[in-house]
Structure formats: C-alpha cells, structure tokens
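Hi everyone, thanks for coming.

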Amino acid sequence: MSLLTRLTRDDLVAARAILEPSTLRVDLEAELARDFALPWLLRAEENTPPVALLLAWSVADELHLLELASHPDHRRRGYARLLLTALLAHARTYHKRLILLEVRRSNLAAIALYESLGFEHTGVRRGYYADNDEDALEMRITLNPETGTSMPSVV
Ligand SMILES: CC(C)(COP(=O)(O)OP(=O)(O)OC[C@H]1O[C@@H](n2cnc3c(N)ncnc32)[C@H](O)[C@@H]1OP(=O)(O)O)[C@@H](O)C(=O)NCCC(=O)NCCS
C-alpha cells in the first residue's frame, strides 16, 4: 500500500536521492519554509525510503506543478501517476480552478503521463530552459471550482 506524506526535514537526504539522478535542482529547505508549497513524497510501504516526489505551489485558486520525479529504480510502477492523482484530488477538495505545469518538449515520458491524466496543451514557451535553450510546453487542467469537474481550457 502506497503512502503519501509531506516532506519533512528528516526526509531531505532521501528526497535529494530522487531528484539528483534526474538532474532536477530544487532548494528543498526553502520549499519547507513556504506555506504555499506542497512538497509530497510517496513511499511504497511504511518505513521505507520514498520512491517519488512531487512539488507544487498552491496560490489563490491555482496549483502550479513544479517538479515530479520517481527514483530511477522505481519507474513505470505507477508512482508518478499516483502523486498526480493525489494532486488532482487536492485541487478538487480545495476548489481550485487550474492545475498548470511546464514540461520540456523532449520529455515524452512526462508528456504521455500528463496527457493520460487529462492535461491539455495550452502553449509553448520558447527557450524557457536556460541550460539548453529548450522550449517548454505549457499544459493545464481547468476545473469547475464548485463541482471539481474538468472543463476545456480556454487560453
Ligand atoms: C516522468 C516520470 C516522473 C514518470 O514517473 P513514473 O513513476 O515512472 O511514471 P508512472 O509509472 O506513474 O507512469 C505513468 C505513465 O506515464 C507514461 N510514462 C512513464 N514513463 C514513460 C516512458 N519512459 N516512456 C513513455 N511513457 C512513459 C506512461 O503513459 C505511463 O503509463 P503506463 O506505464 O501505464 O504506460 C519519471 O520518468 C521521472 O522521474 N523522470 C525524470 C524527471 C522528470 O522528467 N520529471 C517530469 C518533469 S519535472
């Protein structure tokens, strides 16, 4: 049974072990201090190291997904999908209107995952990633804040 928890100071080393193989750089200590941050970890079982991490910011009626990663030894087991499903549930519970994210154009695995959960392509940000000048695809899910139902995104 998978277990979702909020990141704590005790988890920092294990969380970095998820991020570093994917060369994702996140100041986790800064995220711990932000009251609008949702830094979540997923464990496959209680008292085992986390296998996946999600970081989102909750601002007004929007959730912005900033990072999502599974440890390389634990990919294709549905952990990232579980974290995103939990984020969608959180959005519905807290009457959010929008979940927004940017993803590298070359990241076909992540794009497939986002599409499978109903994220729509809503724009391209040219040269968004400074390390290689790669474009970002903007994707979003728009929700009716009253009912939590997904709606077509109008941009
Ligand atoms: C993208 C990433 C988070 C997916 O994590 P994961 O736990 O392996 O994903 P899941 O097992 O939940 O996969 C769910 C779906 O995503 C898609 N997917 C995941 N990995 C894929 C791959 N290598 N190729 C194609 N599709 C893939 C598939 O649709 C998959 O469903 P399926 O297994 O039923 O076919 C993981 O590969 C990762 O950490 N990558 C490096 C960091 C990154 O790119 N993060 C996203 C942008 S910040």
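Predicted model: local features only at pLDDT ≥ 70, side-chain atom pairs only at ≥ 80, totals over all residues.

**Around the ligand**

Residues are numbered from 1 along each chain as its sequence is written, and side-chain values use heavy atoms, with hydrogens and water left out.

A backbone N or O atom of Gly 78 lies 2.7 Å from a ligand oxygen atom, and for a backbone N or O atom of Arg 81 the distance to an oxygen atom of the ligand is 2.9 Å. How much of the ligand does the protein bury? Taken alone, the ligand exposes 920 Å², and the protein buries 73% of that; these areas come from the Shrake-Rupley method with a 1.4 Å probe, and for residues only the protein chains shown count as cover.

Which elements give two or more residues to the shell around the ligand? They are strand E4 (62–70), helix H3 (79–93) and helix H4 (108–116). Helices (H or I, at least four residues) and strands (E, at least two) are DSSP runs, numbered from the N terminus.

**Two loop residues**

Now for some backbone angles. Most residues other than glycine have a negative phi. Asn 47, however, has a positive phi, near 60°. Asn 47 sits in the loop between strand E2 (37–43) and strand E3 (50–59). Is Asn 47 buried or exposed? Asn 47 is exposed, with a relative accessible area of 76%; buried means under 20%, exposed over 50%, and partly exposed in between (1.4 Å probe, protein chains only).

His 95 also has a positive phi, near 55°, and is found in the loop between H3 and strand E5 (98–104). His 95 is partly exposed, at 47% relative accessible area.

**One glycine to finish**

Last stop: Gly 123, in strand E6 (residues 120–129). Gly 123 is partly exposed, with a relative accessible area of 29%. Its C-alpha atom is separated by 11 Å from that of Ser 153, 30 residues apart along the chain.

Conventions. Polar contact = N/O pair within 3.5 Å; in protein donor to acceptor, adjacent residues only side chain to side chain.
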